[in-house]
Amino acid sequence: MNKIIFFALCLVSPFVSLVAQNDAGYAIQFKIEDIPDKTLYIIGCHGSDYYIVDSAKVKKKGVVFKNKTRIIPAGIYQLANNNCDSYLDFIVENDRDFTITTSLKNPYFSARIENSEENTLFFEYMKHKIANDGTLEGFTNDLASFSNNSLLHFYLKTTQYKFDSPAFDEIEDEDERLLQQYLYFKNHFFDNLDLSDSRILRIPVDYGIEYFFTEVVIHNPDSLKKEVDKFIALTKGNKEVRDYLLRELYFIFHVGDPVSDMLFVYLYEQYCPDGQCDWLDELLARRFTRDYKRLYKLMPGKKVPPLEAYDENERKQSTDSIPNKNIILWFWDPDCEDCLDQTPVLYDFYAVYKDTYDIEVYAVSITEDVERWERFTRENQLDWINVSYGMGEPNYDFVDYFDLLTTPAIYLINKDHVILDRMFSLDDLHFIFDK
């Protein structure tokens, strides 16, 4: 039996009312031999989320889910118990008053279905799938009596899609051939998903969204922005699907690395007109707005206020007084192991290339451990600008402004205090300055 994540099922049908249906009401009965449960549930999906559609007590003659006014949108549903066991899947579209009689041992093979042609055929498909390792071969002819617009046809087309990528053998240059193969794969990645149809949200299918945006698309802001817009355009204005996909992208890019931060800001600016992120619930929308404001001021192109802090002689050192073309802001902590490892690496680069790239480093120790700070800077002969919180309060809270959740942290600004880059690896220093 398939396990479902039952704690996610506390959502009480939040999506049911989003789709208009002509025929409200349902009466769905299950007669299952030797059922041990006292209560059973109909479970629906909305993308990767699961929710409880209805619950009912098990009686001698089975369990009946019945409501005269509630709408169950067309989709694939599960019959499950309170122990997170999914007993069987069934389909709801046109037939909403039907009975399924079966056993727990072989729920699809022993089933008898009354008043539901679509479930009769769906169960035939499930039996075929189980007997043939999930393949659809030999089953497609049985779909002839169903329209191409039926949910069953839509479901099978989506889940049984075979991706055939051309080999591009006619291209002799191997690098060019591999590039064309990659571009084809990327451009056709979502071909099996009709994202303009809300029914896509109510069938169990792996969208592959996170894989696409973290593994397939080149991890740079321009490429990701372009692919985000193309992806959302696939909804063709379907607000329900669009809202769901934007919510998924929100979580994908809410991870804290520099490129994801840029995409996080882009999502807000592009898809929250006038600051209204109506595709998130109220709590997440408030959090999104707060995080956007926190990150917006730290994006490349934004100007930061001059930094003023005190050196080992209690003299004020200001970035306003640095004449160099490039200023590296290095926030570190003498009690941080990574800082102790990486600070000498940065200094080695600085010592060799400070004139080549016209660099000065403004290194800020953000703790008040003065003794350890002075000892480390002295032992490593760090002759750049060294300032410390331990020598006096800076002119503003750098920790808060630069969102210093961890150390070390690095920003590259120009002499006008415009951010050129942020939170990059020291391995990328040459690339940052040569680009």
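At what angle do helix α5 and helix α7 pack, and how far apart are their axes? In this predicted model, local features were required to have a pLDDT of at least 70 and side-chain atom pairs a pLDDT of 80 or more, whereas totals for chains, interfaces and linings use all residues. Residues are numbered from 1 along each chain as its sequence is written, and side-chain values use heavy atoms, with hydrogens and water left out.

Helix α5 (residues 221–233) packs against helix α7 (residues 258–271) at an angle of about 40°, with the axes 10 Å apart; axes are lines fitted to C-alpha atoms, for helices over the stretch in contact, and angles run from 0 to 180 degrees between N-to-C directions. The two helices are therefore oblique to each other, a class left over once angles under 35 degrees (roughly parallel), over 145 (roughly antiparallel) and 65 to 115 (roughly perpendicular) are set aside. Contact (heavy atoms within 4.5 Å) involves, among others, Leu224 and Val228 of α5 and Met262 and Tyr266 of α7.

An open sheet of mixed pairing is formed by 5 strands in the order β14-β13-β12-β15-β16, where strands pair if DSSP finds at least two bridges between them. Helices (H or I, at least four residues) and strands (E, at least two) are DSSP runs, numbered from the N terminus. Strand β12 runs parallel to β13 (residues 359–365), to which 7 bridges join it, and Ile327 has Glu360 of β13 as its bridge partner. Asn326, which lies in β12 (residues 326–332), is buried at a relative accessible area of 8% (buried meaning under 20%, with a 1.4 Å probe and protein chains only).

Notes:
Buried < 20%, exposed > 50% of the residue type's maximum accessible area, 1.4 Å probe, protein only.
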